[in-house]
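I opened the file today to go through its folds and contacts. These are my working notes.

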Amino acid sequence: MNAGTDSEIERTIRENHPALIAYITAGDPSLEETREYVEALDRGGADLIELGLPFSEPIAEGPTIQAAINRSLEAGTTPGAFFDLVAGLETEAPLLVMTYYNMILQHGPDADPEPFVSRAAEAGLAGIIVPDLPAEESGPLRKACEAHGLDLVFIVAPTTDDERLDSIMERTAGFAYVQARLGTTGARADVSGATHDSLARLDEYPIPKAVGFGVSEGDHAAEIVSAGADGVIVGSALVDLIAESEDPVAALESKARELKAGAERGVPEPEQP
Amino acid sequence: MSEGEFEGYGGRHVPEPLFEPLATLAAAYDEVGDSEAFQTELRGYLEDFAGRPTPLYHAANLSERYGAEIYLKREDLLHGGAHKINNCLGQALLAKRAGRERLIAETGAGQHGVATAMVGALLGLETEIYMGEKDVARQEMNVFRMRLMGADVTEVTRGGAGLADAVDAALEDFAENVDSTHYLVGSVVGPDPFPRMVRDFQSVIGREAREQFRERVGELPDAAVACVGGGSNAIGLFHAFRDDPVDFYGAEGGGEGSESDRHAAPLARGEDGTIHGMRTRVIDDDVEVHSVSAGLDYPGVGPEHAMFRAVGRCEYTGVTDEAALAAFRELAETEGIIPALESSHAVARAIELAEEGAHDTILVNLSGRGDKDMATAAEKFSFQ
Ligand SMILES: Cc1ncc(COP(=O)(O)O)c(C=O)c1O
């Protein structure tokens, strides 16, 4: 495989295959608690951790993550405090920030994405995911990410047509974020059969593929990995635990363990004696 | 400059699952939007159902008081009481031609929801309106109107339970039901093709006004003034005059004034950013979106306005709540016309321009009537 990559994210996925990618919203319910949650996920075996930097108009999120974003905004989470938190984290798992393009444009003067990327790099982030930035409009941000050694991760969906698929897969760095069903984020009871179809179209591209949206249990993770995914992305299920569990730190750690074990169960057995 | 791009503003800043459905909609619009058959059908409904053409009215009393000839384009006389119906008819007819069975829309104060419910009933399309729980409570009568016309009104309880949350819920529905459903966006906002499509449907305002003005006055107005929420009635008025020597003025929701951090004026006082699928002007992060009129209470603005601002084609200013309320009252007293609070911002700006002596003739888009604003007015004014 492509072991010579200089992407920390891609290397991490390959070395920890099948990878568990965990998402939580930073600042939900406070940045102090986010620190503990990130450490819990790291201990539980998450290989990459995505932190949502909240924006007031999150058009790609379902009710669960939207509610988390609102809690975070109400707690007064700002980009400055977010970067300070990240800079102080010492996790084994590389960290990514997931945010909306407006947050990136408004960070510096003149709608220039560079200051945000430079601050992200300084804080030690390894990658950026921007759900409302289509590949077509991503030139300036990609350039800044390349200059600062960050991966800009793009999302592909079942509705992405073949022509655009090529251009997205060409641009995505670290991994391809495969949204296996339509709609916005949210935990679902079962894993869509579209996972298989979504991955089949991507077979020819060498970059790792991680499947997200709708994963909440170890068995889902197993199913996704057995369908050929290199990684499993889990968000809403973790955000639910933060909102509902009496002891979110313990709950997150054990959920991460369950999901990681599920993902590993999904790896096809070589040959049974 | 590609379609849907306004000098770098606009575009399709949407989650990936929505990209192709929007491209499909754009293609459908490009194919039938200009066709004779579609335009004839639309014109029929605009005339017989909505009440077009609307009058151009010379506001003689107001003109005399302020020393400039002020003309009002009477969109307030349309069915439903506002310009919204121009756009709703256009999009619903397009959706029907594209084989969609269902309309969805978000609404804040309920005006766009009511207009969507009207065309849904008219054309036999299933209609679902997303509305924040808070707005449902505040706008009982509009909720009742929508339901009376057969629309489902879904209360959105997530997040802040307001307009932005209703937009999210509608987008989510659209993403999951793209094959059966048309998302009827209410202004020149959102991802391509909405800003140009809604502009085209609203441009009938300016086309009529231009003809009427030439016939009546013999020449074009010196200035055209409109309020700007998302910007559809303003673009609708301006578009026909864009190559004419007519100065454009956009009146945004100035809220509590130029020093305060409660306003809805992203053009006068915002920065470049992205919101709701478009690259445009957005109010600053630390500003609380606020306007006395619900229809102007929006943190972004249509990308074509961002372009007009950047190239200097239109001057945008925030009109304060106070100035808008004064104009609301003044038009009622001097002309016997109660304007919508949104439109009152345009009236206030026109009065200001007349007082400055900047222009001899001023055309104002009276985008809607004020019936819906009686509760607010009753709170602000008391009569002994
Ligand atoms: C009467 C009236 N005018 C203006 C507006 C603002 O919208 P736009 O800027 O798209 O014309 C509204 C919105 O609800 C309205 O009801």
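This is a predicted model: local features need pLDDT of at least 70, side-chain atom pairs count only at pLDDT 80 or more; totals for chains, interfaces and linings use all residues.

**Entry 1: chain A overall.** I looked up the secondary structure of chain A and found twelve helices and nine strands. I then took the extent of the C-alpha trace of chain A, which spans about 60 × 45 × 35 Å along its principal axes. I also checked the radius of gyration: a compact globule of 273 residues would have a value near 19 Å, and chain A has 17 Å, so the two agree.

**Entry 2: a helix pair in chain A.** I picked helix α3 (residues 63-74) and helix α11 (residues 236-244) of chain A, which pack at an angle of about 50 degrees with their axes 9 Å apart. The pair α3(A) and α11(A) is therefore oblique. I looked up the handedness too, and α3(A) passes α11(A) in a left-handed crossing. On the α3(A) side I listed Thr64(A), Ile65(A) and Ala68(A) as the contact residues, and on the α11(A) side Ser236(A), Val239(A) and Asp240(A). By class, the contact of α3(A) with α11(A) has three nonpolar residues, two polar and one charged.

**Entry 3: where the chains meet.** How many residues does each chain give to the contact? I find 28 from chain B and 29 from chain A. On the side of chain B that touches chain A, α1 (16-32), α8 (163-176) and β12 (271-275) of chain B each supply at least two residues. The largest share of that side, six residues, comes from α8(B). I sorted the residues of the side of chain B that touches chain A by class and got ten nonpolar, eight polar and ten charged.

**Entry 4: a helix pair in chain B.** I moved on to helix α2 (residues 36-50) and helix α4 (residues 84-97) of chain B, which pack at about 135 degrees with their axes 10 Å apart. α2(B) and α4(B) are therefore oblique to each other. The crossing of α2(B) past α4(B) is right-handed. From α2(B) I listed Phe38(B), Glu41(B), Leu42(B), Tyr45(B), Leu46(B) and Ala50(B), which meet Ile85(B), Asn86(B), Leu89(B), Gly90(B), Leu93(B) and Arg97(B) of α4(B). I count eight nonpolar, two polar and two charged residues in the contact of α2(B) with α4(B).

**Entry 5: a sheet in chain B.** I traced an open sheet of six strands in chain B, in the order β3-β4-β16-β9-β10-β15, with mixed pairing. Which strands stand at the edges? They are β3 (56-58) and β15 (314-320) of chain B; each has a single partner strand, so one side of each lacks a neighbour in the sheet. Neighbouring strands of this sheet are turned against each other by 25 degrees on average, direction ignored.

Within the sheet I checked β9 (residues 223-228) and β16 (residues 361-366) of chain B, which run parallel and are joined by three bridges. Val225(B) has Val364(B) in β16(B) as its bridge partner.

**Entry 6: helices on the sheet.** Helix α14 (residues 321-335) of chain B packs on the sheet and touches β10 (247-255) and β15 of chain B. The direction of α14 makes about 85 degrees with that of β15(B). Helix α15 (residues 341-356) of chain B also packs on the sheet, touching β4 (69-74), β9, β10, β15 and β16 of chain B. For α15 I noted a direction at about 145 degrees to that of β9(B).

How values were computed:
Residues are numbered from 1 along each chain as its sequence is written. Chains are lettered from A and ligands numbered from 1 in the order in which they are written. Axes are lines fitted to C-alpha atoms, for helices over the stretch in contact, and angles run from 0 to 180 degrees between N-to-C directions. Helices (H or I, at least four residues) and strands (E, at least two) are DSSP runs, numbered from the N terminus. Angles under 35 degrees count as roughly parallel, over 145 as roughly antiparallel, 65 to 115 as roughly perpendicular and the rest as oblique. A crossing is left-handed if the near helix is turned anticlockwise from the far one by less than a right angle, and right-handed if clockwise. Two residues are in contact if their C-beta atoms, placed from the backbone, lie within 7 Å. Ala, Val, Leu, Ile, Met, Phe, Trp, Tyr, Cys and Pro count as nonpolar, Asp, Glu, Lys and Arg as charged, and the others, Gly among them, as polar. Two strands pair if DSSP finds at least two bridges between them. The radius of gyration is taken over C-alpha atoms; the globule rule is 2.2 Å times the number of residues to the power 0.38.
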